[in-house]
Amino acid sequence: MHRPEIVLPCLDEAEALPGVLAALPTGWPVLVVDNGSVDDTAAVAEAHGARVVVEPRRGYGAAVHTGLENAREELVAFLDGDGSLDADLLPELADAVDSGRADLAVGRRVPDPGSWPWHARMGNALIAGELRRRGVPVHDIAPIRVARREALLGLGITDRAFGYPLELLLRAGTAGWRIEEHPVRYSRRGGGRSKVSGSVTGTARAVRDMAGLLR
């Protein structure tokens, strides 16, 4: 199997990163995108063997897309840098794409008790329901995913905020991509503070960004 490069978009994740990096598949290249952190995110990443690029424009989509542009492998995997998602799923997702069975393999969160606030879960469910109505067979907004780098670049995703993964799914659906969804354990973050689901305000901001794409 071709080893994907793992892209970790990070904003102030110095506390969580050691555990996240230690849990990744052995031997897979890792690219940490420092999205303007004020802690030691970049230094911690480099000390644990990750390559680091900096994206000063704040925004999840900006960090993810900079990682995609700077990745060097044919397959690219994306994972949050907070330790909330089980990285053991990555080989399964990578095999789905590398084998040619799927164009995009994504995770569907199975939350541990108390790990996913009600407001974040409700917002996610509403948007995923709209995606299915449009023929995109998912129940989550692709929090962990694997695809081919050139194919992702070819989708022409323009959102640079929280709407990035939704635009990816919408464009992939329009392009007729085969999408596989796999369950992934979702637990409490490994450290720091959530920028999205940790507050009603953060969730509302993310839903606002995504809702604009569904009009």
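Tutor: In this predicted model, residues 24 or more positions apart account for 74% of the chain's contacts with a separation of 6 or more. The chain contains 8 helices and 7 strands, and 53% of its 215 residues count as buried. Its accessible surface comes to about 9,500 Å², with 51% belonging to carbon and sulfur atoms.

Against that background, the part requested can be described. The structure holds 1 aromatic pair. Its members are W116 and Y186, whose ring centres are 5.6 Å apart and whose planes make an angle of 70 degrees. The arrangement counts as edge-to-face because the angle between the planes is over 60 degrees. W116 is located in the loop between β5 (104–111) and α5 (118–133), while Y186 belongs to strand β7 (residues 179–186), so the pair ties together parts that are 70 residues apart in sequence. Both W116 and Y186 are buried. The ring of Y186 has a further neighbour: R109 lies over its face, at 5.2 Å from the ring centre.

A172, in helix α7 (residues 164–174), touches L104, L155, W177 and I179, leaving aside residues up to four places away in sequence. A172 has a relative accessible area of 0% and is therefore buried, the cut-off being under 20%. The C-alpha atoms of A172 and L152 are separated by 8.6 Å, with the two residues 20 apart along the chain.

Notes:
Residues are numbered from 1 along each chain as its sequence is written. This is a predicted model: local features need pLDDT of at least 70, side-chain atom pairs count only at pLDDT 80 or more; totals for chains, interfaces and linings use all residues. Side-chain values use heavy atoms; hydrogens and water are left out. Helices (H or I, at least four residues) and strands (E, at least two) are DSSP runs, numbered from the N terminus. Buried means under 20% relative accessible area, exposed over 50%, partly exposed in between (1.4 Å probe, protein chains only). Contact means heavy atoms within 4.5 Å. Accessible areas come from the Shrake-Rupley method with a 1.4 Å probe; for residues, only the protein chains shown count as cover. Rings of Phe, Tyr and Trp (its six-membered ring) pair if their centres lie within 6.5 Å; planes under 30 degrees apart count as stacked, over 60 as edge-to-face and the rest as tilted. A charge sits over a ring if NZ of Lys or CZ of Arg is within 6 Å of the ring centre and within 35 degrees of the ring normal.
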